[in-house]
Amino acid sequence: MAGMESEIAGSIEREARFAFQDIKTYADTEWLANNRKRYRQVFDEGEISYIYVELSLVNKAFEQEDWEVSVELKCFRAGKRSKEICNLVLQRKIAASSPVAYIREGWGNKKIGLFWKPGAYVWEAWIGGKKVGTRYFYVQSTGQRPVDIPGDYLELKSVRLYEASVEDQLEEERTYLKQMDFAETRYVYVEAEFANQLSDIPWHLELITRFYNESRELKGQVVKLMKVDPDLETIRLSIGWGTSTKGSWREGNYTAELIFMDRLVATVHIPFGFQQETGFPLVWLPGEKEARILGNPKPNEEGLAQVLAKLDELVGLDQVKRSVREHALYMEFLRLREQRGFVERDQVQMHAVFKGNPGTGKTTVAGMMGAIYFQLGLLSKGHVHSVDRADLVGEYIGQTAPKVRHALDQARGGVLLIDEAYALARTNDDAKDFGREVIEMLVKEMSDGPGDLAVIAAGYPSEMDHFVASNPGLRSRFKIILDFSDYQPVELQQIAVRAAEHMDVKPTEEATRLLDQVIVRAYRDRDRTFGNARYVYDLIEKCKIQLGLRIMRSEDVDSVPDEALSTISAEDVLLATHAPTSGTVRLPVDEELLAEAIHELDSLVGLKTIKQEIHDLVLLIKFELSREEGKRDPFSMHTIFIGNPGTGKTTIARILAKVYKALGLLERGHVIETDRAGLVAGFVGQTAIKTAERIEEARGGVLFIDEAYSLTQPGSGRAGDFGDEAIQTLLKRMEDQRGQFYVFVAGYPDNMEVFLKANPGLNSRFDRTLVFEDYAETELLEIARNLVREQGYSLDEEAAELLTEWVEKLHQRRDRYFGNARTIRQLLEELIKAHRTAVARDFGSGSHSDAQVLSGALVQKVRSQMDRSEWSKSGIGFKKG
């Protein structure tokens, strides 16, 4: 009796020390974060040796005392004739430092497939003679060796997303989405459809779905376990995660991973934006380079037919129409093969090059290509996002990549149309160009990007040939090349009829005859810049304007009949085609942009004289523009920038371009930066072409030529040097295209004086000179402190003193090659790089230093290193003091 009481008391004491938490099974002993394993309940006979059980207990004696527990882990084969597989008696010590105690053990044989046979099993955990927990698990077999998981069991056929409450929705009530509204979403449901590959035997499907936010933090996990009957051909599951109240999601890109038997089946892209967008999500399948849409309904035959009918309605373009129709037909053929079970090893080719002169229908056909791909289910939106070089290429190092990524994001789901794409592939010797970075990013996107995008590059024929040849990856990615020929005169006349209908006007017979003559004459005189359909539309619009002016100048406007308001006369055509075309358009002053540019100017350190000159210049231009007789360009804006390195010449050039744009003197206000390498070629006749190309790029903005004196450097008259050819081309364009672009030339004082004297025409073209003085010590210190602050750092007291001393010493030792602000920036970059290295080293060793404060010891160390480096060495000789 006393022994029984003692046993009961011991049981009570044990129970007081723990609470049962869970019992789980797994087959992989890999250690994971937070002491977790890859838990599951379904295993394949051909992939396992041991099956492990994990018993977890809440330690009620946490931080109180160590204690021991005796556990029995029993495994049985489940069924009518239950059979014991093993009975493991374990003695475990539970440490006081463990809030949760994990007791793990396994059973099986080290040879895979030898011990565990198909069937249902159960692990039981016993403590003190009481069963505390059970866990069923299943071993099954496909009969294949080796086994392919998940391919031998199932094939993912479609994935869709929808939003609902915790109660889910009926299938007919669901609205499928490709983007969720982060403010309105409660539960996100993933609807997955699988084809049953084991249609002759029953088996268990355990699908684990993990939801992650954009930072790859686990949002939630759902486990679905179901028995699959042999006659079930299609398996449909809906898995949801969220809360009953709105507001638990954030803007960004979430993902859901579908896992079966520890294998990744698919990753579903779940974007959250400011509104819902209907459609289908992108799905990444293991082993595939691009994401794609799974389960999009069959092509919309009616919608596709409508798009192709609109294509046929276009005037001309017979060869282009035939190529597009054949391409669409081939896409349908590939879709048919997919439905019949064929697997395409190569990606579907959607990227294209459109070669043709302006106005030949490239943009229109690009829109139709997007619509065709959408109707075929290859694109989720089918829209067209048009960009050019200015939208993709940054002005500074590091600016290009974000611009390209933004363009790709805007075009995702549709077509990215790159107009004048050849401008990205300049000649190899242009040292100040980031177009090649754009090309490399495009090649990567077309090779292994997330997909759901067609890239179409368009431009002049010969230039596009050079563009495709500029990078080996472009030729293999652009398999579709369409040639857009100039419209024939009869086609241009048909376009004129459609343009008149579009503008709701109608030419008289005589006006039509004159229009036909004008179009034929323009066609005969055309060059590669001829606008084709664009020219015709502009022509009809000019005629409509003359019609309007004629009507409004009549004595009794109110009595003019309605028909007369839409009838273009021969007189209107004559006036439209003989109207003066010289002169430039007067643009209004953009006060907001002007204020922004002036604020940017005034925020710069130093440059007092430069700032005052620009302020005076703005007042003078505004005064001239306000006068009745003021013209768009009352004085020359071509400017000489004289100063040593790092004195702000390039920065002021960009600000001035913005100022001129705000004042209406420049249409775009962009800056094309180049140097001798960007203007001068290595063969006779090429320099003029190369210089003209830079000028065309700068039209509506500024051509900034750094180190311009190198065009007339000593010995430039020698055979094989073509700097003078570049100057002659530049001078002619500055005169012929007065007011259409401005030239800023920059360089050292002495060298620029030689440059201006080298050609008599140079001095007369540049009547404005800005002289950039070296920065004073105090200004350099202010620049240094600003750079530290902009990078998110601060200086301790010793560092501030040492940095001041260092900058003063640099200023005292300066010569004509001193880099001014550029030297200070290099100095700070070295400091911050050394600081980051030190912080990373401390973190790796387990110690922690202030990551945002630069110390005096660091400044002293970096200064010693840089004083020994080549860039800061003194010249030969002695220096007083």
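In the predicted model, an open sheet is built from five strands in the order β21-β22-β23-β20-β24, with parallel pairing. Strands β21 (384-387) and β24 (480-484) lie at the edges, each pairing on one side only. From one strand to the next, the twist averages 20 degrees. Strand β20, which spans residues 352-356, is joined to β24 by five bridges, and the two run parallel. Within this pair, Val353 of β20 stands opposite Ile481 in β24. Helix α4, formed by residues 362-375, packs on the sheet and touches β20, β21, β22 (415-419), β23 (454-459) and β24. The direction of α4 makes about 160 degrees with that of β20.

Nonpolar side chains tend to be buried together in soluble globular proteins. The largest nonpolar core of the model comprises 60 residues. Phe641, Ile652, Val659, Tyr660 and Phe744 are the residues with the most contacts inside this core. The element that gives the most to the core is helix α16, residues 649-662, with eight residues. Another core, of 59 residues, lies apart from the largest one and includes Leu304, Leu311, Leu314 and Ile372.

When residues up to four places away in sequence are not counted, Phe744 touches Met637, Thr639 and Phe641, along with Ala653, Leu656 and Tyr660. Phe744 also touches Val702, Leu703, Phe704 and Ile705. Among these partners of Phe744, Phe641 and Tyr660 are themselves listed with the most contacts inside the largest core.

Methods:
Residues numbered from 1 in each chain as written. Predicted model: local features only at pLDDT ≥ 70, side-chain atom pairs only at ≥ 80, totals over all residues. Heavy atoms only, no water. Core = buried A, V, L, I, M, F, W, Y, C linked by side-chain atoms within 4.5 Å. Buried < 20%, exposed > 50% of the residue type's maximum accessible area, 1.4 Å probe, protein only. Helix = DSSP H or I, 4+ residues; strand = E, 2+ residues; numbered from the N terminus. Contact = heavy atoms within 4.5 Å. Pairing = 2+ DSSP bridges. Axes fitted to C-alpha atoms, helices over the stretch in contact; angles between N-to-C directions.
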